[in-house]
Amino acid sequence: MGTLGLFDDTEMDGVQALGPRACVLRGFARPVAGDLLSAIDEVARISAFRHLVTPGGYTMSVAMTNCGALGWTSDSRGYRYTAIDPETGEPWPAMPDALRRLAHDAAAAAGFERFEPDACLVNRYAPGTKLSLHQDKDERDLDAPIVSVSLGMPAVFLFGGLRRDDATAKVPLFHGDVAVWGAEDRLRYHGVMPLKDQPHPTLGSQRINLTFRKAG
Ligand code: MD3
Ligand code: FE
């Protein structure tokens, strides 16, 4: 029996099931990791990484930027998607083809055909950075899956249920791993444990996570 109790989460063929419609594709992004990282550098030259403030007044430990037609942002007034980067006053940088293609292909490999994301949130973690347990529910289209790509230092991902106090499973995510979740798993609570300093050969003491969504 798997860690979530309900189904077999034994790893097979590089695919680890986390739920009925949630899985990790181990190493799926490894062959294109260099292309993804160059593309992210270009995005961050236009819209720099920044630490957003939550509506509750806390500064997030994760540094964020976005690419695509819509970008996720937060301030004292709330969380929302915008077409304009509030820092630059310009549209978010376009989503690079390498990113769009990887997200589409990973979704298809996980059984979600024709995924066309319009938003890519780029999260940057340093040692000690964490992401508290939350649901992704600011998107208009909750029928579309979410695709998440991990690059650089490993992280321990917390994977819960549909209620905040449901038990969580701990899932390690490594450089090149891609997580895909949708349908009945789309609104599961999740988070990231404080990062340990385990420097990555090319990225050093950083973890980059790309989260692709259909937001609009
Ligand atoms: C949920 N970012 O930006 S989601 C976020 O590592 C966010 O930065 C995470 O949560 C990060 O909103 C990556 C990773 C993930 C993986 C598998 C899941 C979330 C999941 C399976 C089911 C539900
Ligand atoms: Fe999330």
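Buried means under 20% relative accessible area, exposed over 50%, and partly exposed in between, with a 1.4 Å probe and protein chains only. The model is a predicted one, in which local features need pLDDT of at least 70, side-chain atom pairs count only at pLDDT 80 or more, and totals for chains, interfaces and linings use all residues. Residues are numbered from 1 along each chain as its sequence is written, chains are lettered from A and ligands numbered from 1 in the order in which they are written, and side-chain values use heavy atoms, with hydrogens and water left out.

**Metal site.** His134 (NE2), Asp136 (OD) and His190 (NE2) coordinate the iron ion (ligand 2) at 2.0 to 2.2 Å. Donors are N, O and S atoms within 2.8 Å of the metal (3.2 Å for Na, K and Ca); water is not among the atoms, so sites may look incomplete. The donor residues follow the spacing H-x1-D-x53-H in sequence. His134 belongs to strand β7 (residues 131-134) and His190 to strand β12 (residues 190-192), 56 residues apart. Helices (H or I, at least four residues) and strands (E, at least two) are DSSP runs, numbered from the N terminus. His134 is partly exposed at 22% relative accessibility, whereas His190 is buried at 7%.

**Salt bridges.** A salt bridge is a side-chain nitrogen of Lys or Arg within 4 Å of a carboxyl oxygen of Asp or Glu. The count comes to 10 salt bridges, among them the following.

| Pair | N to O distance |
|---|---|
| Lys214 and Asp118 | 3.7 Å |
| Asp136 and Arg213 | 2.9 Å |
| Arg186 and Glu139 | 2.9 Å |

Asp136, Glu139, Arg186 and Arg213 are linked in a network of salt bridges. Within it, Asp136 is buried with a relative accessible area of 5%, Arg213 is buried with 7%, and both Arg186 and Glu139 are buried.

Leu187 is in the loop between β11 (178-181) and β12 and is partly exposed, with a relative accessible area of 30%. Ala83 lies in the loop between β5 (78-82) and α2 (97-109) and is partly exposed at 43%. Leaving aside neighbours within four places in sequence, Ala83 is in contact (heavy atoms within 4.5 Å) with Ala69, Leu70, Glu90, Pro91 and Trp92.
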